[in-house]
Amino acid sequence: MPILDLKTIAILGLVLHGALALVMLQTYLTRKTYPGFRSWTLGLACWVLANGVLFLRPVIGDTVTVLLGSLLLYLFGILFHNGVIRFYDLKNRKRRLAVDAAVLGTGLAIVYWNYFFLQNSNIRVCVNSFTTGFVLLRAGMDPLWLPKARRNFVQLGISLSILLIALGLFLRAFAAATGPQYPPRVMGDPMLMPLLVLGLFGIVLAVYGFISLMHARVEEELREAKANLQEIANTDALTGLLNRRGFSEIAAHDIKLARRYGHRMSLIIFDLDHFKNINDTHGHAVGDVVLSAVGRACLDAMREVDTVARWGGEEFAVLLPQTALEEARQTAERLRGLLRGLRPLPGADIRTTASFGVAQLGSESFDALVARADACLYQAKRDGRDQVCVAE
Amino acid sequence: MPILDLKTSAILGLVLHGALALVMLQTYLTRKTYPGFRSWTLGLICWALASALFFFRDQVGIAASVLLSNILYFLFSILLYSGLARFYNFDLRRRLLAVTIGVAALSLGGLYWNLLAVDDVTMRVFFSSAGMGTILGIASLAPLAVPQGRRQAIQLGISLGLGGDALLFVLRAQDALLSPWNPDFLAQDTYLKLIVIFGLFVLVLTVCGFISLMHARLEEELLQAQSELKRQAGTDALTGIRNRRSFMENALHGVAQARRYNQKLSLILFDLDHFKSINDTHGHMTGDRVLSGVARACQSAVREVDTFGRWGGEEFAVLMFQTDLDGARQTGERLRELLRGLRPLGDMGVMITASFGVAELGDEGFDEMMARADQCLYRAKREGRDKVCLAA
């Protein structure tokens, strides 16, 4: 007696794959899945049915077994391939499937013709194994051309499983083509056992792979959603600049750095002059356009290390790391000139000016630094607006 | 020959469970998982090792096989339980863990004593089966005491599988207890075969179940993050009420509805008086607290059907459904009184007032209604503030 018993493997495989098909169906119906999963689920169901039909041969008769079993086997192959194409959104889906369908259609025609006219088991086994192996080979290889999938352990596992089944099928086809005449029923086929073993393990691992691929995508979406949340919490919706919260976070970090390495650091706060007038005369929509334009212009004019934020209503803040007061004053003057020349609405003569407060970080807290810059800003407003005032 | 061959089933089970242990390990190392998964992974590895030792007991020697494989089997069952306990985090978690460890210790003590003193395989089968049955029974039942576990189809499946396994172990223990002394007990052990075959399926499906539980929790987190994202996108970060975007969405919907059913719709727009001076005198932090206080007070003062939002800086808006101009004026007056009496910084703090503009929807669109309310608001400001003006 060989180590492994053929019938035991067949029964265990059938029950196991049947149970996994139900697991996939349940996953498909109740979990968030992505394109491709439905095809894999249906493909697995076809595989289980094909094996079931084979098993029920004594009950349902040869004709139904051969005709239906081959068809289900082919459907399994093409559905697995389709799932891969859909999951990775591969190009030329229709053309790929058309090639599969052509090969499988030819195979099916030969198998049916053979069944009715030749009754040669070798031909049936050879054609069935070869065509299914061909489609599975494509299903296993297709994702490996994508760098993203090639680097994915799970996909490598799935491809390996499917390719091993394909290899088993090719060996079986080769044995049938070159070997002696098989008896009408193929339980004597020498390659059946290795194929069943490969199939049993390959399918189980592929199912875990499919579920794992879904898991990975949900995870990716979760990461994205969390990053978005973080961004929304720190971003001003109107201008796209940081809001006060985001600015405070970065400032806290920059201040720590400056203290640690003994660098200087300065803060500019500016407020648009007579902004209410723009809202009142032209409406809120125009006011919004002006704020956006000022934010954009300011962001473009700053160095990459500087942090620009909308501090509130029509107030903006710029944090300048490794910058002393005098340099910050020059930057503020440059910004003042820039805003004077800005025409946020083409065609409409809307001019903006702003009043600036500048302060350099001393030994105080961030809030105290802001308060000093803010006080200068109001000094600038009182002194007639459109000017820069520096905190000593 | 029986339908299923024991050796084949054992080999298939061993290889399959070994492969699944690797799948779980890979999932644990590369995916986001939740408490409990590590225990299950370690448990499955123990199981695979134990099965290997049991299977190769002729090669490793009976003593080593019995000593080691039984420890590993008990570790498997304890880890399985502790994973479920961690995942559901139920109240009796620690006490039940102590119970499982106690049962395992008693069983192992009996086993080792038997091996060294009596060497009766029937008694060994009794000790190990009774212990395993008890621990697996606890692992299958405990999650069902948690509502969260009871409601989940996946958990029901896992519990059903583990419970079945536990039952088989108990039956096997009973069988061993009642049968006479027999050195060849293992060869005639009917329940061993059932346990091997049933265990093969149960473990495959349980692993699927564990991964599925992770998947479900991941999905829950994603849904939460997405709804939080949606909420935050429509919420003003400072005051927690609707921001302009969300207000607009609601307003456009309200206007369409009012048109469709020929209902009245009114808008109140109000702006805090001399708010800049609060910021200037007390600082931005204080200004922020005032805005939050105002938002909170007004939110609870308007009807639940009304839409209340922060329109910009210190400007707020209320959209009132099925309300005519006079109804809205009354609400405006009520809000004005409310704000006059409000001390957002405590009893000694600043006093605030606001100017109100009220308009009713005519034939025009939302923007025009907003513009009319805005004009009224500025008329109220010009006429001395702290008052309500109506659009004609």
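## Two helices crossing

A crossing is called left-handed when the near helix is turned anticlockwise from the far one by less than a right angle. In this predicted model, that is how helix 1 of chain A crosses helix 2 of chain A. Helix 1 covers residues 6-30 and helix 2 covers residues 37-55, and the two pack at an angle of about 155° with their axes 9 Å apart. Angles over 145 degrees count as roughly antiparallel, so helix 1 of chain A is roughly antiparallel to helix 2 of chain A.

Who does the touching? On the helix 1 side, the contact residues include I11(A), L14(A), M24(A) and Y28(A). From helix 2 come, among them, F37(A), W40(A), W47(A) and F55(A). Sorted by class, this contact has 14 nonpolar, six polar and one charged residues.

Strand 2 of chain A (residues 307-312) and strand 3 of chain A (residues 315-321) make up a hairpin, with two residues joining them. If you want a spot to look at, find R310(A), which stands opposite F316(A) in strand 3 of chain A.

Strand 2 of chain A is mostly covered, with five of its six residues buried.

## A serine tucked away

S159(A) sits in helix 8 of chain A, which spans residues 153-178. Is S159(A) buried or exposed? It counts as buried, because its relative accessibility is 2% and the cut-off for buried is under 20%. Leaving out residues up to four places away in sequence, S159(A) touches G140(A), P143(A) and L144(A).

Key: Residues numbered from 1 in each chain as written. Chains lettered and ligands numbered in written order. Predicted model: local features only at pLDDT ≥ 70, side-chain atom pairs only at ≥ 80, totals over all residues. Heavy atoms only, no water. Axes fitted to C-alpha atoms, helices over the stretch in contact; angles between N-to-C directions. Helix = DSSP H or I, 4+ residues; strand = E, 2+ residues; numbered from the N terminus. Parallel < 35°, antiparallel > 145°, perpendicular 65-115°, else oblique. Contact = heavy atoms within 4.5 Å. Nonpolar A, V, L, I, M, F, W, Y, C, P; charged D, E, K, R; others polar. Buried < 20%, exposed > 50% of the residue type's maximum accessible area, 1.4 Å probe, protein only. Pairing = 2+ DSSP bridges.
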